[in-house]
Amino acid sequence: MTSQIAPPAPTGTPSTGYRLRWAGLAVILAAEVMDLLDTTIVGVAAPAVRQDLGGSDAQIQWITASYTLAFAVLLITGGRLGDLFGRKRLFVLGATGFTLASVLCAAAPGAGTLVAARTVQGLFAALLIPQGLGLIKAMFPPKELGAAFGLFGPILGLSSVLGPTLGGYLTGADWFGLGWRAVFLINLPVGLLAVFAAGRILPADRTDRPARAGRSTTGTDAGTGRIDPVGVLVLGLAVLLLVYPLVQGRELGWPLWTFLSMAASVPTAWLFTVQQRRVLRRGGTPLIEPSLFGKRAFVSALATGLVFFAALSGLMLVFTLHLQLGLGWTPLHAGLSMIPLSIGVVVGAVLSGALLAPRYGRRVLHLGMVLAAAGALGLWAAVDGADGLTSWRLAPALALAGLGLGLIMAPFFDIALAGVEESETGSASGVLNAQQQLGGSMGVALLGTAFFGWARTDGFGHAAGLTYGLVAALLAAAFVIAFLLPRQARPDGEGH
């Protein structure tokens, strides 16, 4: 598709940035909206899907889980493919496939077909989403990266509210008799716009990628566009062994095989590292750039983000479960109750990206974690043992938590990619996105299990309060780990 559209030639220098960078950022954020909506909107429609299509409990669960699993398994490979074949090409391919898969989901005649279409959707999302961070880093000068990354906060907040709210509305409104199918067709206009705009706005792919240090530009270097298929399979298996039981374990009551599978992921990951070193010694192109793990900012960000995104996913899960299962609120009511969180995220992200993060760096991230933890504790105080809980009673704590989360977004990604070279950006983006998925799966599994365990004995309100306390504890742990991060995001070439 990109060959049929004449994109503008990249203009600008590293100090001024790409001429159409802000329009390009809008295209990337549109893709993020599609992905974030798809991870939140489908759960609301699941009961209507079950009523319409039938299917077993496991099939209904896999309508959500199949997307998450396929996305997580291919994420790192998707990022590396962007390095090898061009991030713009992979972005357009991923957006096109994601949009077509959304149409297949809407047309699914049965639960099994819907699960298969969701799997395809997740695979194309894994090609699409990792390209965003790399494209932003390539388009923006270092002084504007914080502001660019800061816009991810408002998008995350708005999409987290819009997903369940829009899903509940579309399913209930039953426009043109579509019912739940409309939650997938909503991707069609956004996807088509993203594909068209990407071809015209995003900078043209580079064909003169530099060779890895100490290796020629011929043979098996990255410039040849080759990728290691054995590495793809071994890494995919390692991720599958870990993410599959995390996704399914709580629903199945954590049988023994789930723990054995997660344990087996560790030696499989070790086998992957051994295989990657062997590829590098033979002069091939490894799936993950080994040099990334020699960068303090990147490795520290992986550890910090793993804990942070576990806390974030746990907070979102427990909040919606408590309101709908414990209090009997409708999906629309629960979604609207999250508006203060979204407003807080928007305000925090704007303040962080435009004003605070460029000047104060890591200290803004720490402040955000303190505020988010305080908001989680405020939710605990609001829900534990409270009678007649209302949306207004939850609003102050939600707004405080949202403000903290918004403050975190800009410095986190900016610092994580500090010192990452252009040839490493796709690999780094894939690893960072995979880390978010893994952290989210861990948060859902661990905090979801704790919530339901306490709910059986102490009731939903008390269980929600205790789980919010665990969220605050995770944020406190992320606060401590974040001291390993550099104090400031540094432009390329200023060290690692």
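**Confidence.** I am working with a predicted model. I looked up the pLDDT before anything else. The protein averages 80, and 86% of the residues score at least 70. Residues 1-11 fall below 50, and this stretch has 26 contacts in the model beyond near neighbours in sequence. Residues 207-225 also stay under 50. For residues 207-225 I find 35 contacts beyond four places in sequence. Where pLDDT is low, the predicted coordinates should not be read in detail. I leave the details of both stretches alone.

**Helix H3.** I checked the length of H3, residues 87-106. At 1.5 Å a residue, its 20 residues should span 28 Å. Next I asked how many residues of H3 are buried. The count is 14 of the 20, so the rest of the structure largely encloses H3.

**Nonpolar patch.** I then turned to the surface. A nonpolar patch there is formed by Tyr169, Trp175, Phe176, Leu332, Leu336, Ile339, Ile343, Val347, Leu351 and Leu355. Together they have about 1000 Å² of accessible area. Which helix gives the most to the patch? H14 does, with 5 residues. H14 covers 339-360, and H13 covers 331-337; each supplies at least two patch residues. An α-helix has 3.6 residues a turn, so residues three or four places apart point the same way.

**Tyr169.** I looked up one patch member on its own. Tyr169 sits in helix H7, residues 152-173. Its relative accessibility is 40%, so I log Tyr169 as partly exposed.

Definitions and conventions
Residues numbered from 1 in each chain as written. Predicted model: local features only at pLDDT ≥ 70, side-chain atom pairs only at ≥ 80, totals over all residues. Heavy atoms only, no water. Helix = DSSP H or I, 4+ residues; strand = E, 2+ residues; numbered from the N terminus. Expected span 1.5 Å × (residues − 1). Buried < 20%, exposed > 50% of the residue type's maximum accessible area, 1.4 Å probe, protein only. Patch = residues over 30% accessible without salt bridge, like charges linked within 9 Å, V, L, I, M, F, W, Y side chains within 5 Å. Areas by Shrake-Rupley, 256 points an atom, 1.4 Å probe, with all protein chains shown as cover. Salt bridge = Lys/Arg side-chain N within 4 Å of Asp/Glu carboxyl O. pLDDT = per-residue confidence, 0-100. Contact = heavy atoms within 4.5 Å.
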